Amino acid sequence: MKLYDVTISHLLAFLKGSRVKRFSYKEDKAWPEHDGFELLLQKDTAFELGAGGKEAVNFTCVTDDPALMKKFCKEDQILLFGKDLPAITSAHDYARISLILVKEDEDLETDSEKMFQTLQELDFVKYNVHPKGYMVRTSNQNHREQVRVGKDALKKGMTFETIGDSFIKKYRQYKKVLQVCMIFITDETMDYQALYQDAKQTADIRNSLSKMTKGLPTECSICEIKEICNEVEGLRELHFGKQERKRAGVRV
């Protein structure tokens, strides 16, 4: 699965040289969760991340290349670039990125529908993580994620480490997932627009896969995903792999 490898490599270069705090995943430190979405009122909120005109970027990248993943971390980890939650007192720039290593699966390389379902499933995990006192509002359309952080949660010791543990715990419930690297960014000197472009590319890839499942022409000059297909290694193979399977009489 090479679809996101260019984006992951760009992210690696982007973060290179930045000061980072690393936390190893500890399941027992995951922050307690609600059964569903929690409505956190303004009066109970200490501050917001990605609100009030601040930057807010969110995306998920998936790979089956262990060597590429190890350039970020060799085990399940949380990486923090910038201030931790207890050190923030007002509206702040924010980005959360999930890097996920999955088992190699040959079927994915030729089955755009299966690939799309896998990526969609892992991206949607974010809608099922509900830490108490950490109200997340996510928009897939503009690749933003805003967070309200509760006063009471901060008093009880909430940090990005505990929130990262909650996300990793949820991802690790999927058998196909081998490793997770959760990245939180609050450093206000970062180029969030560059991160936004990475987020947009991941969404473009998923959208292209979705279109493939509905059928696309095999003539590249008239294909509507030509631009992204030229940029992303593996996307063209998935497209034409689907056509080859059709010609071979395989149900797709």
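**Entry 1: a buried pair between helices**

I began with Asp123, which counts as buried at 2% relative accessibility, and I keep in mind that I am reading a predicted model. The side chain of Asp123 meets that of Arg206 in a salt bridge, with 3.6 Å from N to O. This pair links distant parts of the chain, since Arg206 belongs to helix 6 (residues 192–214) and Asp123 to helix 3 (residues 112–123), 83 residues apart. I then looked up Arg206, which at 10% relative accessibility counts as buried.

**Entry 2: other salt bridges**

How many salt bridges does the count come to? I noted 13 salt bridges, and I took up the one between Glu161 and Lys29, whose closest N and O atoms are 3.1 Å apart. Glu161 lies in helix 5 (residues 160–171) and Lys29 in the loop between strand 1 and strand 2, so the pair ties together parts that are 132 residues apart in sequence. Is Glu161 buried or exposed? I found Glu161 buried, at 11% relative accessibility, whereas Lys29 is partly exposed, with a relative accessible area of 35%.

I also looked at Asp44 and Lys43, which form a salt bridge with their closest N and O atoms 3.5 Å apart. Here Asp44 counts as partly exposed at 32% relative accessibility, while Lys43 is exposed, with a relative accessible area of 58%.

**Entry 3: the largest pocket**

By residue class I recorded 6 charged, 4 nonpolar and 2 polar residues in the lining.

**Entry 4: a nonpolar patch on the surface**

I looked up which residues make a nonpolar surface patch of about 340 Å², and found Phe37, Leu39 and Leu41. Phe37 sits in the loop between strand 1 (21–24) and strand 2 (45–49), and I noted Phe37 as exposed, with a relative accessible area of 55%.

**Entry 5: helix 1**

Last, I went through helix 1 (residues 5–15), where Asp5, Thr7, Ile8, Leu11, Phe14 and Leu15 are buried. After helix 1 comes Gly17, and I wrote down that its phi is positive, near 90°.

Terms used:
Residues are numbered from 1 along each chain as its sequence is written. This is a predicted model: local features need pLDDT of at least 70, side-chain atom pairs count only at pLDDT 80 or more; totals for chains, interfaces and linings use all residues. Side-chain values use heavy atoms; hydrogens and water are left out. Patches are made of residues with over 30% relative accessible area and no salt bridge: like charges are joined within 9 Å, nonpolar side chains (Val, Leu, Ile, Met, Phe, Trp, Tyr) within 5 Å. Accessible areas come from the Shrake-Rupley method with a 1.4 Å probe; for residues, only the protein chains shown count as cover. A salt bridge is a side-chain nitrogen of Lys or Arg within 4 Å of a carboxyl oxygen of Asp or Glu. Helices (H or I, at least four residues) and strands (E, at least two) are DSSP runs, numbered from the N terminus. Buried means under 20% relative accessible area, exposed over 50%, partly exposed in between (1.4 Å probe, protein chains only). Ala, Val, Leu, Ile, Met, Phe, Trp, Tyr, Cys and Pro count as nonpolar, Asp, Glu, Lys and Arg as charged, and the others, Gly among them, as polar.
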